[in-house]
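The exercises below concern one structure, shown next. Work through each task before reading its solution.

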Amino acid sequence: MESTEKLTDTNAILAYLYETFPLCFIAEGETKPLKIGLFQDLAERLADDSKVSKTQLRIALRRYTSSWRYLKGVKAGAQRVDLDGNECGELEQEHIDHAQATLKESQEKAKAKRAAKAAAEKTDKSGPKPEKKAFKKPLPKRSSKPASKAAKPQVEAKDLSPATLTELKPNQRVSVKLGKSPVAGVVLDIKKEDVQVQLDSGLTVKVPVEHILL
């Protein structure tokens, strides 16, 4: 049983016309100018066809005749054709001029639209990039440990006396004569006349025994 579903998509209706009237409606390549008043012939020929309506046929016909492919075919020497491909007379110059003017206008609009789109895309690519939010360095966490006790006051060199090797032993607290003021520390190791001391500042030094003060 033949389908009676009505076509509503314009492209589908054009495909139906290409199939039904192949000598009139050309699907690909150069088209032929249509007979003046062809719509009436088309409506009568398809009056009993449940697939298409007059409104949809009119829209499809307008789409076909306004295409660049059709407008290019409206030129000097071309013959109009009816639904069966029969020639119906040569084109008049005013119709040729109108078709060429319409084609030129349509092409210029399309060109301007493409140029605007390309410019917009270029702007998007080269435009200022969104500013990055400044990274805020997290504040150091406050230690839950109680604040360290105040540093002990430096011991004056005059209050100390030079040590001897026999008086020294590992882990013993001593002072090291460095510069103008002695620096407190702990004995790490004793080798011959040299004593290795870790200062309270964390620095480890190796000094002669005469630089050790008690």
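**Exercise 1.** Which residues does Lys54 touch, not counting residues up to four places away in sequence?

Solution. The model is a predicted one. Start with the position of Lys54, which lies in helix α3, residues 54-65. Setting aside residues up to four places away in sequence, Lys54 touches Phe39 and Ala43.

**Exercise 2.** Decide whether Lys54 and Thr10 are each buried or exposed.

Solution. Lys54 has a relative accessible area of 57%. The cut-off for exposed is over 50%, so Lys54 is exposed. Thr10, found in helix α1 (residues 10-20), has a relative accessibility of 11%. Buried means under 20%, so Thr10 counts as buried. Apart from neighbours within four places in sequence, Thr10 is in contact with Ile59, Ala60 and Arg63.

**Exercise 3.** How are α1 and α3 oriented to each other, and which residues meet between them?

Solution. First take the axes: those of α1 and α3 come within 9 Å and cross at roughly 80°. Angles of 65 to 115 degrees count as roughly perpendicular, so α1 and α3 are roughly perpendicular to each other. Next list the residues in contact. From α1 come Thr10, Asn11, Ile13, Leu14, Leu17 and Tyr18; from α3 come Gln56, Leu57, Ile59, Ala60, Arg63 and Tyr64. Sorted by class, the contact of α1 with α3 has eight nonpolar, three polar and one charged residues.

Methods: Residues numbered from 1 in each chain as written. Predicted model: local features only at pLDDT ≥ 70, side-chain atom pairs only at ≥ 80, totals over all residues. Heavy atoms only, no water. Helix = DSSP H or I, 4+ residues; strand = E, 2+ residues; numbered from the N terminus. Buried < 20%, exposed > 50% of the residue type's maximum accessible area, 1.4 Å probe, protein only. Contact = heavy atoms within 4.5 Å. Axes fitted to C-alpha atoms, helices over the stretch in contact; angles between N-to-C directions. Parallel < 35°, antiparallel > 145°, perpendicular 65-115°, else oblique. Nonpolar A, V, L, I, M, F, W, Y, C, P; charged D, E, K, R; others polar.
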